[in-house]
Amino acid sequence: MTGPGRLVLVGTPIGNLGDLSPRAVEALAAADLVCCEDTRRTGRLLQHAGVRAPGLLVVNDHTEAGAVERVLARLAAGEVVTVVSDAGMPGISDPGEQLVHAAVEAGFAVEVVPGPSAAVTALVASALPAGRFVFEGFLPRKGSGRTERLAAIAAERRTVVLYEAPHRVARTIDDLTAACGPDRRVVLARELTKLHEEVWRGTLGDAVAHLAEREPRGEHVVVLDGAPPPPEVDDPAIVEALAVARAEGASTRDAVAAVASELGVARRRVYDLATGS
Ligand code: SAM
């Protein structure tokens, strides 16, 4: 069943109000209900846009699940419900995802009025490869979740984009340095689109020193270069590893499988060397 209501996600500025698009203003003006994280903040945005406040519904990390039924009921009544967050794109480290999921499941149309996102803004400013990248959002604050994520990031070949609160940036950079080594390139993009915008580029080792010099202020995005490619494995190294596996009693088949996985090379190549074909 497709209902007549529409859920519209609207991107809002990440600092500079001049980035509020004319389409975003239109979408806010056409809304019957605006879901937002903070009514005062969104109230100011609506005022700036010259939009008379329709109904506002607080949807934050704690209330999003509970808001789903109310939003679905408004959509079923044929209304247009827009979703904004405090800054940037809703659904990106912000509420929105659960509402989109529920609306799609229930057969309602979902539209997006795109706007800035700190992740993409920092990535393109970083001068690091932007063709393929991974968005990690906020790291878990502690425990095995954090350790595992740091290990995965250290091995990741694509550029990694992370969000971080100012008072945790130094610790995150310390942990990334321990996981990736001090030579990995990193970019700290802070206060993007705002008066004190700064894009600092260097290595993780430099970043530790940079952050020790002064208290990090304002919102930060950390953009980390991908891991370097593993060193080339030459044929003699494969032959030697095969000899070791065989000496330990492995069959040709098992030795090929073990060496291919251990050295990260194609099984066919190891097989050919093992059989002299
Ligand atoms: N939905 C937002 C987006 O699309 O970018 C992200 C919201 S998330 C709760 C907030 C985080 O985004 C901040 O902690 C910071 O890492 C990043 N951020 C948001 N605005 C920023 C800005 N102007 N400059 C740098 N980082 C920013």
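**Close-up 1. Glu 191, a buried loop residue.** With 16% relative accessibility, Glu 191 is classed as buried (buried is under 20% relative accessible area, exposed is over 50%, and partly exposed is in between, using a 1.4 Å probe and protein chains only). This glutamate sits in the loop that joins strand S8 (185–190) to strand S9 (198–203). Helices (H or I, at least four residues) and strands (E, at least two) are DSSP runs, numbered from the N terminus. Skip the neighbours within four places in sequence, and Glu 191 is in contact with His 196, Glu 197, Arg 217, Gly 218 and Glu 219; contact means heavy atoms within 4.5 Å.

A quick word on the model: it is predicted, so local features need pLDDT of at least 70 and side-chain atom pairs count only at pLDDT 80 or more, while totals for chains, interfaces and linings use all residues. Residues are numbered from 1 along each chain as its sequence is written, and side-chain values use heavy atoms, with hydrogens and water left out.

Close-up 2. The structure has 2 aromatic pairs. Rings of Phe, Tyr and Trp (its six-membered ring) pair if their centres lie within 6.5 Å; planes under 30 degrees apart count as stacked, over 60 as edge-to-face and the rest as tilted. Phe 135 and Tyr 163 are edge-to-face because their planes sit at 75°, with ring centres 5.1 Å apart. This pair links distant parts of the chain, with Phe 135 in strand S6 (residues 133–138) and Tyr 163 in strand S7 (residues 159–164), 28 residues apart. Tyr 163 is buried at 10% relative accessibility, whereas Phe 135 is partly exposed at 30%. Phe 138 also pairs edge-to-face with Tyr 163, at 5.8 Å centre to centre and 65° between the planes. Since Phe 138 is in strand S6 and Tyr 163 in strand S7, that pair ties together parts 25 residues apart in sequence. Phe 138 is partly exposed too, with a relative accessible area of 43%. Put together, the ring pairs make a cluster of Phe 135, Phe 138 and Tyr 163.

**Close-up 3. Helix H7 against helix H8.** H7 (residues 169–180) and H8 (residues 204–213) pack with their axes 9 Å apart, at an angle of about 155°. Axes are lines fitted to C-alpha atoms, for helices over the stretch in contact, and angles run from 0 to 180 degrees between N-to-C directions. The two helices are therefore roughly antiparallel (under 35 degrees is roughly parallel, over 145 roughly antiparallel, 65 to 115 roughly perpendicular, and the rest oblique). H7 passes H8 in a left-handed crossing; that label applies if the near helix is turned anticlockwise from the far one by less than a right angle, and right-handed if clockwise. On the H7 side, the residues meeting H8 include Val 169, Ile 173 and Cys 180. Cys 180 is buried, at 16% relative accessibility.

**Close-up 4. Helix H3 crossing helix H4.** The axes of H3 (residues 64–76) and H4 (residues 97–105) come within 9 Å and cross at roughly 40°, so this pair is oblique. Their crossing is right-handed. Among the H3 residues that meet H4 are Val 68, Val 71 and Leu 72, and their H4 partners include Leu 99, Ala 102 and Ala 103.

Close-up 5. The structure holds 0 disulfides, a disulfide being a pair of cysteine sulfur atoms within 2.5 Å. The closest cysteine sulfur to that of Cys 35 is in Cys 36, 7.7 Å off and so too far for a bond. Cys 35 itself is buried, at 0% relative accessibility.
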